[in-house]
Amino acid sequence: MFRGSITALITPFDGERVDEKSFQSFCDWQIKSGTKALVPVGTTGESPTLSHPEHDRVVELCIEAAGGRVPVMAGAGSNNTAEAIRLAKHAKKAGADAVLVAMPYYNKPTQEGMYAHYKAINDAVEIPIYIYNIPGRSVVDMTPDTMGRLAKLENIVGVKDATGDVSRAALQRLSCGVEFNQLCGDDPIALGYNAQGGNGCISVTSNVAPDLVSQMQEASLSGDAETAIELQDRLILLHKALFVEASPAPTKYALSLLGKCKPDVRMPIIPVFKDESKREIEAAMRHAGLLN
């Protein structure tokens, strides 16, 4: 169900208000541009600054906009296990096809603590669960052995791997089995991750260039390496530029140039303000063929 180009959606704002109309229009554009699945209220969706009612509403809006055309993997991460369970229960009730549960951040659980966290969600909610392993933000890193233990549970079906280590795909395949769905969480290495056995990418760049990222993933997964590399060469500067300042501010700036949303973000993220950052983003978009 989750394969190829999967967008980690931004949440458009109009000032401090969630721009519901723009968000649903954005979801529709993504699907029509070739995106294979949608992930609302992840880190790129600024979930840490959304209230619980806003979080729930954005999930519902995404599912409504998708209308069954593509699957939806709703963000349900928290460093509070009870809160993660509540978010997962709401996602299931709203009609999500899966949930993405980020590693518990800040409180630095042990490997046993990580196992207990995900097992509790597995036991509480009957919905496919994807582990989001992102040590750069959560500080802790789930080992392939711990992931292998979790893969034996009924609802733990895959991972968004943002470790930046392409070899994890091979190591996790040994520990988790070939049916465990491995998705890359780092756009610059997504091509290499597929070569190690990955099945696609939960992408930030596909917010801005959904058609190009989708084409690159399709070429990669079908074995057309030459086309995939050509497309990656067009995208690589954009992959980098979208993190030139704190994400998702650069992504929203790029999308504002395309008329898809305002550049508004919520503190402590602030809009892109450095002229050199804006120039880098614009140059990367021109290189990809997104701006004249």
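# Terms and values in a predicted model

User: Why does Phe26 count as buried?

Analyst: The relative accessibility of Phe26 is 2%, and buried means under 20% relative accessible area, with exposed meaning over 50% and partly exposed anything in between, for a 1.4 Å probe and protein chains only. Phe26 therefore counts as buried. This is a predicted model, in which local features need pLDDT of at least 70 and side-chain atom pairs count only at pLDDT 80 or more, while totals for chains, interfaces and linings use all residues. Residues are numbered from 1 along each chain as its sequence is written, and side-chain values use heavy atoms, with hydrogens and water left out.

User: How many aromatic pairs does the structure hold, and why is the pair of Phe2 and Tyr130 edge-to-face?

Analyst: There are 2 aromatic pairs. Rings of Phe, Tyr and Trp (its six-membered ring) pair if their centres lie within 6.5 Å, and planes under 30 degrees apart count as stacked, over 60 as edge-to-face and the rest as tilted. The ring centres of Phe2 and Tyr130 are 5.7 Å apart and their planes stand at 75 degrees, so the pair is edge-to-face. Phe2 lies in the segment before strand S1 (4–8), whereas Tyr130 lies in strand S7, so the pair ties together parts that are 128 residues apart in sequence; helices (H or I, at least four residues) and strands (E, at least two) are DSSP runs, numbered from the N terminus. Phe2 and Tyr130 are both buried.

User: What makes the pair of Phe26 and Trp29 tilted?

Analyst: Phe26 and Trp29 have 5.7 Å between their ring centres and 45 degrees between their planes, which is the tilted arrangement. Phe26 and Trp29 are 3 residues apart in helix H1 (residues 20–32), which means that about one helical turn separates them.

User: How do you know that Arg149 lies over the face of Tyr115?

Analyst: A charge sits over a ring if NZ of Lys or CZ of Arg is within 6 Å of the ring centre and within 35 degrees of the ring normal. Arg149 is placed over the face of Tyr115 at 4.0 Å from the ring centre.

User: What makes Gln217 buried, and which residues is Gln217 in contact with?

Analyst: Gln217, in helix H9 (residues 210–221), has a relative accessible area of 1% and is therefore buried. Contact means heavy atoms within 4.5 Å, and, with neighbours within four places in sequence left aside, Gln217 is in contact with Gly4, Ser5, Ala190, Asn194, Gly200 and Cys201.

User: How do you know that the buried residues Arg168, Ala169, Gln172 and Cys176 of H7 are on the same side of the helix?

Analyst: Arg168, Ala169, Gln172 and Cys176 are buried in helix H7 (residues 168–176). They cover an arc of only 95 degrees around the axis, which puts them on the same side of H7; the arc is that of the directions from the helix axis to the C-beta atoms. Their cover includes strand S8 (156–161), strand S9 (181–184) and helix H8 (190–195).

User: Why do S8 and S9 count as paired, and what is the hand of the crossover through H7?

Analyst: S8 and S9 have 4 bridges in the parallel sense, and at least two are required, so they count as paired. The bridge partner of Asp161 in S9 is Cys184. From S8 the chain passes through H7 to S9 in a right-handed β-α-β crossover, a term that applies if, with the strands pointing away from the viewer, the path from the first strand over the helix to the second runs clockwise.

User: Why is Val244 partly exposed?

Analyst: Val244, in the loop between helix H10 (225–241) and helix H11 (249–257), has 28% relative accessibility and so counts as partly exposed. Not counting residues up to four places away in sequence, Val244 touches Pro250, Ser277, Glu280 and Ile281.
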